[in-house]
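Visitor: Hi, I have a structure open and I'd like to walk through it with someone. Could you help me find my way around?

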Amino acid sequence: IRKARAAIKIPEQFLDVSEPKTIAPGDIEAAFIKVNPGLSNSAISVICSSRRLSEVRICLSKDMQFRACEEIERRACRRDEVVMPPVRGG
């Protein structure tokens, strides 16, 4: 898990969210793709519950390389915008 976490950069604008932020799921994906060379649309999916961002899923191979994974796209958020809650725990 540590290796997987180290392989993925979180975009700067998502590191210190102190107030709820409304954003399009596609913009979240684009921000992650921009700061993670080799990450493609087929390897990332934004998941929401109702209008709230739940998680960002990124697929990695066993050697920690980004890989396509169509199975995550089935659960992808279909909303135009989601609310990103404030970051807890610093």
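Guide: Gladly, and let us begin with a term: a pocket is an open set of grid points with protein on both sides within 12 Å along at least five of seven lines. Please keep in mind that this is a predicted model.

Visitor: Okay, what volume does the largest pocket have?

Guide: The volume of the largest pocket comes to about 420 Å³.

Visitor: And how many residues line it, and which lie nearest its centre?

Guide: The lining of the largest pocket is made up of 16 residues, and those nearest the centre are Ile10, Phe14, Phe32, Leu53 and Val56. Two elements, α1 (2-7) and β3 (52-58), each give two or more residues to this lining, and β3 gives the most, with four residues.

Visitor: How does the lining divide into nonpolar, polar and charged?

Guide: Twelve of the lining residues are nonpolar, one is polar and three are charged.

Visitor: Switching topic: how many salt bridges are there in the whole structure?

Guide: A search of the whole structure turns up two salt bridges. In one of the pairs, Glu55 meets Arg57 through their side chains, with an N to O distance of 2.9 Å, while in another Arg67 pairs with Glu71, where the closest N and O atoms are 3.7 Å apart.

Visitor: Are Glu55 and Arg57 buried, exposed or something in between, and why?

Guide: Glu55 is partly exposed because its relative accessible area is 34%, and Arg57 is also counted as partly exposed, at 25%, since that class covers values between 20% and 50%.

Visitor: What about Glu71 and Arg67?

Guide: Glu71, at 39% relative accessibility, counts as partly exposed, and Arg67 is partly exposed with a relative accessible area of 36%.

Visitor: I was also looking at Ser42, so where is that?

Guide: Ser42 sits in the loop that runs between α2 (25-35) and β2 (44-49), and with a relative accessibility of 36% Ser42 counts as partly exposed.

Visitor: What is Ser42 in contact with?

Guide: If neighbours within four places in sequence are left aside, Ser42 is in contact with Arg67, Ala68 and Cys69; Arg67 is the residue that forms a salt bridge with Glu71. The side chain of Ser42 is also joined to that of Ser40 by a polar contact of 2.9 Å.

Visitor: And how far is Ser42 from Ser61?

Guide: Their C-alpha atoms are separated by 13 Å, and the two residues are 19 residues apart along the chain.

Visitor: Where does Asn36 lie, and is it buried or exposed?

Guide: Asn36 lies in the loop between α2 and β2, and Asn36 is buried because its relative accessible area is 3%, which is under the 20% limit. Apart from neighbours within four places in sequence, Asn36 is in contact with Ala7, Ile8, Lys9 and Phe66.

Visitor: Last topic, the backbone: which residues other than glycine have a positive phi?

Guide: For background, most residues other than glycine have a negative phi. Ser50, although not a glycine, has a positive phi of about 60°, and Met64 also has a positive value, near 65°.

Methods:
Residues numbered from 1 in each chain as written. Predicted model: local features only at pLDDT ≥ 70, side-chain atom pairs only at ≥ 80, totals over all residues. Heavy atoms only, no water. Salt bridge = Lys/Arg side-chain N within 4 Å of Asp/Glu carboxyl O. Buried < 20%, exposed > 50% of the residue type's maximum accessible area, 1.4 Å probe, protein only. 1 Å grid on protein atoms, 1.4 Å probe; cavity = no way out; pocket = protein on both sides within 12 Å on 5 of 7 lines; lining within 4 Å. Points joined across faces, edges and corners; volume = space filled by probe spheres on them. Nonpolar A, V, L, I, M, F, W, Y, C, P; charged D, E, K, R; others polar. Contact = heavy atoms within 4.5 Å. Polar contact = N/O pair within 3.5 Å; in protein donor to acceptor, adjacent residues only side chain to side chain.
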